[in-house]
Amino acid sequence: MTQRILITGAAGGVGTLMRPRLAADDRILRLLDIAELPAAADGERVETIQASITDMDAMERACEGVDAVIHLGGHSLEQVWSKILDVNINGTYVVLEAARRQGVKRVVLASSNHAVGYIKEADGEAADYAFPRPDTNYGVSKAAMEALGSMYADRYGMDVICVRIGSCFAKPKDVRMLSTWLSPDDGARLFEACLATPKPGFRIVWGVSDNTRRWFSLDEARKLGYESKDDSEEFAAEVLARHGELDPGSYAARYLGGAWCGPDFNTAV
Ligand code: 15L
């Protein structure tokens with residue numbers, strides 16, 4: 001049977017990396033973004049919708065006939081509180097509520113390391129389900145996303161998996177990302193596991209590759225069936241030659257959230 005997956009924020013960084021990787025013969029990707037989306041290529045099984053995740057009517061229509069939602073939409077960087085509240089927090093509520101109203105049983109939420117950014121790297125591997133320690137307004141929105149997901153799972157019996165993504169880019173861009181990197185291929189493997197695992201209920205998992213310098217537990221992600229095949233170490237020499245070793249006193253070396261934890265980072269209050 002053909003599966004239909006709604007991806008919000010499909011024109012964004014992670015959405016663009018996932019679009020080709022989550023394509024499958026027995027699957028239609030319904031791509032939604034407020035920005036214009038590249039049209040379907042020849043043979044590509046996609047539907048495109050240009051709409052805001054804060055528009056309940058549009059989101060309900062987008063959720064019609066959908067088997068699962070992967071919610072990547074929202075601001076991906078720090079913003080003033082009013083924008084975070086509207087797009088990230090209210091937007092996540094609208095996505096979950098629209099999914100519930102349309103009978104969608106499973107939602108995968110793109111949370112972030114910034115939900116727990118103030119965890120100290122020196123305290124050892126960051127645990128699955130670590131209590132929120134958001135580093136920014138954006139981090140607060142990801143903690144709120146996880147709380148909303150928990151409520152929709154407990155109250156309405158939906159399956160909701162929150163993926164605390166490290167840094168999902170084609171390559172690690174700096175020394176911190178040698179620890180936080182989620183390769184695009186591993187990202188797709190993890191989302192596939194989130195879609196396939198039977199009856200997960202509510203979960204919070206780390207979204208990182210099995211990096212040699214990893215700071216995060218992969219136990220809960222592995223329980224979903226995720227198997228990382230990538231390691232940022234193949235880029236270590238190149239990244240270290242460009243940036244040098246981390247200053248042990250720097251935010252990047254001290255906290256999971258890196259520079260986002262610094263007092264000067266959040267100018268966008
Ligand atoms: C995130 O959550 C951001 O969306 C992304 O832009 C990266 O900065 C990433 O975290 C990170 O921490 O590297």
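Reply: Let us begin with burial. A residue is buried if 20 or more other C-beta atoms lie within 10 Å of its own, exposed if 12 or fewer, and partly exposed in between. Keep in mind that this is a predicted model. Now take helix α6, where P184, D186, G187, R189, L190, F191, A193 and C194 are buried.

Me: How many residues does α6 have, and what span does the helix reach?

Reply: Helix α6 covers residues 184-196, which is 13 residues. From first C-alpha to last, α6 reaches 18 Å, close to the 18 Å expected at 1.5 Å a residue.

Me: Which elements do the buried residues of α6 pack against?

Reply: Two helices are on the list: α1 (13-21) and α7 (219-223). The strands are β4 (68-71), β5 (106-112), β6 (159-165) and β7 (202-207).

Me: Which residues have the most contacts inside the largest nonpolar core?

Reply: They are I7, C63, V69, V107, V108 and V163, in a core of 76 residues. Helix α3 (residues 81-101) gives the largest share of this core, eight residues. Leaving out residues up to four places away in sequence, V108 touches A68, I70, H71, I161, V163, F191 and C194. Two of these, F191 and C194, are among the buried residues of α6.

Me: Is S111 buried or exposed?

Reply: Count the neighbours. S111 is buried because it has 28 C-beta neighbours inside 10 Å. Its place is in strand β5. Beyond four places in sequence, S111 touches K142, M145, E146, C162, V163, R164 and I165.

Me: How far apart are the C-alpha atoms of S111 and G166?

Reply: They are separated by 9.2 Å, with the two residues 55 places apart along the chain. Now try another pair: K223 and G13 are 210 residues apart along the chain, and their C-alpha atoms are separated by 27 Å. K223 is in helix α7. With 14 C-beta neighbours inside 10 Å, K223 counts as partly exposed.

Me: Where is R213, and which residues does it contact?

Reply: R213 is in the loop between β7 and α7. Setting aside neighbours within four places in sequence, R213 contacts L178, S179 and S232. R213 counts as partly exposed because it has 16 C-beta neighbours inside 10 Å. The C-alpha atoms of R213 and D264 are separated by 27 Å, at 51 residues apart along the chain.

Me: What should I look for in phi?

Reply: Most residues other than glycine have a negative phi. Y129 has a positive value, near 65 degrees. K199 also has a positive value, near 40 degrees.

Me: Where do Y129 and K199 lie?

Reply: Y129 is in the loop between β5 and α4 (137-156). K199 is in the loop between α6 and β7. Y129 counts as partly exposed because 14 C-beta neighbours lie inside 10 Å. K199 has 7 such neighbours, so K199 counts as exposed.

Me: Which residues are around the ligand?

Reply: They are S76, L77, S112, N113, H114, S167 and T180. Sort this shell by type: one residue is nonpolar, six are polar and none is charged.

Me: What does UniProt place at residues 5-172?

Reply: The unreviewed UniProt entry places the feature "domain: NAD-dependent epimerase/dehydratase" there. In the model, residues 5-172 are 35% helix and 20% strand. The end C-alpha atoms of this span lie 28 Å apart.

Definitions and conventions:
Residues are numbered from 1 along each chain as its sequence is written. This is a predicted model: local features need pLDDT of at least 70, side-chain atom pairs count only at pLDDT 80 or more; totals for chains, interfaces and linings use all residues. Helices (H or I, at least four residues) and strands (E, at least two) are DSSP runs, numbered from the N terminus. The expected span of a helix is 1.5 Å times one less than its number of residues. Two residues are in contact if their C-beta atoms, placed from the backbone, lie within 7 Å. A residue is near a molecule or strand if its C-beta atom, placed from the backbone, lies within 6 Å of it. Ala, Val, Leu, Ile, Met, Phe, Trp, Tyr, Cys and Pro count as nonpolar, Asp, Glu, Lys and Arg as charged, and the others, Gly among them, as polar. UniProt positions are given in the numbering used here, feature names are shortened, and annotations may be inferred rather than shown by experiment. A nonpolar core is a set of buried Ala, Val, Leu, Ile, Met, Phe, Trp, Tyr and Cys residues joined through C-beta atoms within 7 Å.
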